[in-house]
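Okay, thanks for coming, everyone. Let me put the structure up and we'll walk through a few spots together.

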Amino acid sequence: MSKTYGVVLIGCGHIGEAHIEDIYYRDEIRIVGVVDLYEENAKLFARKYGAEHYATDYHEMIQRDDVDIVIIATYARTHLEILKDCVAAGKHVLCEKPMTQADMAAAKEFYHVVKAAKTKVLIAHVLRHNDTYTKVKNMIRDGAIGEVRFIRMVQNHHIMNPKRYGALLEDCPPIVDCGVHYIDVIRWFTGLEITSVGGLGTTIDHHDTETGEFDHGILTMKLSNGGSAYYEAGWANNLAAQNLKEFIGDQGRIRITLQENRAQDAEEGDLIEYYTHGNATYTTINNKSKYKNMWGQLQTLIEMIETGEEGNPSFDEAFEAFMIALVGNEAAKQNKVIELNYKWEEEFK
Ligand SMILES: NC(=O)c1ccc[n+]([C@@H]2O[C@H](COP(=O)([O-])OP(=O)(O)OC[C@H]3O[C@@H](n4cnc5c(N)ncnc54)[C@H](O)[C@@H]3O)[C@@H](O)[C@H]2O)c1
């Protein structure tokens with residue numbers, strides 16, 4: 001890294017804090033400002049993380065000459081407008097997923113803004129910067145489980161904060177909001193395409209919204225080698241928390257259990273359980289890994305700025321995951337299976 005980067009964080013909430021607490025003390029980073037609609041949030045973050053300025057409106061802050069990078073950690077429905085203002089101001093952007101609310105027209109505009117931008121934009125797919133996920137991706141790509149046949153993934157949240165989840169739900173159901181991560185994981189781990197997506201959705205709690213968005217959903221996906229995958233995601237008080245990530249091939253199977261979900265020996269870090277069919281052997285791999293490696297993620301954006309290279313994921317990879325999630329949401333609304341036999345880039349030209 002050749003310089004100190006001036007950073008502004010917009011959105012001092014849950015994920016905004018995960019970003020700032022991992023970067024504010026780094027030699028290469030100067031936190032110029034923090035912004036939140038609620039002054040008390042912005043003021044608290046400024047005090048806690050040593051930001052030089054705080055505000056309730058981002059417009060002036062992003063015009064400053066000493067700002068290089070803006071982190072967008074607000075609700076999905078606000079990402080597009082803030083992105084447009086940031087690239088117009090000549091700033092590089094790390095934008096939280098999902099790119100926009102669950103709306104194809106907004107997604108299309110987001111795509112065009114990024115493609116035309118003279119600055120760098122990285123979409124925050126934080127699992128791409130997680131060491132355990134990267135290790136398992138390498139194992140699968142190196143053939144540890146043979147040909148991938150089946151993937152099971154569940155991310156159910158037993159929610160205790162209906163206000164926060166209600167606000168997220170106004171923009172996207174969990175099969176889209178969290179779904180973009182795991183659709184990306186399927187394609188990243190396997191190198192396979194998802195050829196069709198089916199969906200199911202229901203409303204378990206009603207939160208405080210009238211959106212009628214599903215707070216629980218299941219996506220079923222067919223893979224280009226004939227294999228299958230499913231992803232289940234829910235945000236409801238009536239759901240028990242569950243986190244299952246399992247990858248099954250014709251030669252074995254790998255399951256990831258995050259440190260916080262381990263029943264024992266959590267001190268060892270994440271647990272990778274690897275079963276090999278040939279000799280019926282279980283191998284236990286303990287791996288120390290930061291779940292949300294926000295500094296690694298921001299370093300990726302800085303590398304993009306300094307080298308001109310594509311990000312991790314590339315913008316197209318992140319965009320395709322978002323498109324598949326949006327089509328999956330449509331499949332859930334219509335209770336059907338939708339073929340994914342088109343090229344996104346051609347569709348969006
Ligand atoms: N990558 C991940 O693992 C992960 C995890 C959680 C959330 N997220 C994503 O991060 C985003 C935020 O989610 P959250 O859980 O942090 O929500 P949150 O409600 O905890 O925080 C959002 C904050 O943004 C502020 N805000 C909203 N609009 C604003 C605006 N125009 N200007 C300034 N501040 C504004 C709100 O006041 C709030 O404090 C969502 O897109 C969500 O999907 C990602």
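This is a predicted model: local features need pLDDT of at least 70, side-chain atom pairs count only at pLDDT 80 or more; totals for chains, interfaces and linings use all residues.

Residues are numbered from 1 along each chain as its sequence is written, and side-chain values use heavy atoms, with hydrogens and water left out.

So, helices. Two packed helices are described by the angle between their axes and the distance between the axes. Here axes are lines fitted to C-alpha atoms, for helices over the stretch in contact, with angles from 0 to 180 degrees between N-to-C directions. Helices are DSSP runs of H or I with at least four residues, strands are E runs of at least two, and both are numbered from the N terminus.

Start with α1, residues 14-21, and α2, residues 39-49: they pack at about 20 degrees, axes 11 Å apart. That makes them roughly parallel, a word we use for angles under 35 degrees, while over 145 is roughly antiparallel. On the α1 side you've got G16, E17, I20 and E21, touching F45, K48 and Y49 of α2, with contact meaning heavy atoms within 4.5 Å.

Now compare α4, residues 104-116, with α10, residues 315-334. Their axes come within 11 Å and cross at roughly 175 degrees, so α4 and α10 are roughly antiparallel. Among the residues meeting there are F110 and Y111 from α4 and F319 and F322 from α10. By class, that contact has 11 nonpolar, no polar and two charged residues. Nonpolar here is Ala, Val, Leu, Ile, Met, Phe, Trp, Tyr, Cys and Pro; charged is Asp, Glu, Lys and Arg; the others, Gly among them, are polar.

What sits around the ligand? There are 23 residues, and the closest are H14, I15, D36, R164 and D177; the cut-off is a heavy atom within 4 Å. A backbone N or O atom of H14 lies 2.8 Å from a ligand oxygen. The side chain of N41 has an N or O atom 3.4 Å from a ligand oxygen, and a polar side-chain atom of E96 is 3.2 Å from a ligand nitrogen.

Last, the backbone. Most residues other than glycine have a negative phi, and most peptide bonds are trans. K97 to P98 is cis, omega near -20 degrees, and P98 is in the loop between β5 and α4. N312 and P313 are also joined by a cis bond, omega about 0 degrees. And D265 has a positive phi, near 55 degrees, in the loop between β12 and β13.

Technical notes:
Angles under 35 degrees count as roughly parallel, over 145 as roughly antiparallel, 65 to 115 as roughly perpendicular and the rest as oblique. A polar contact is a pair of N or O atoms within 3.5 Å; within protein, one must be able to donate a hydrogen and the other to accept it, and residues adjacent in sequence count only if both atoms are side-chain atoms.
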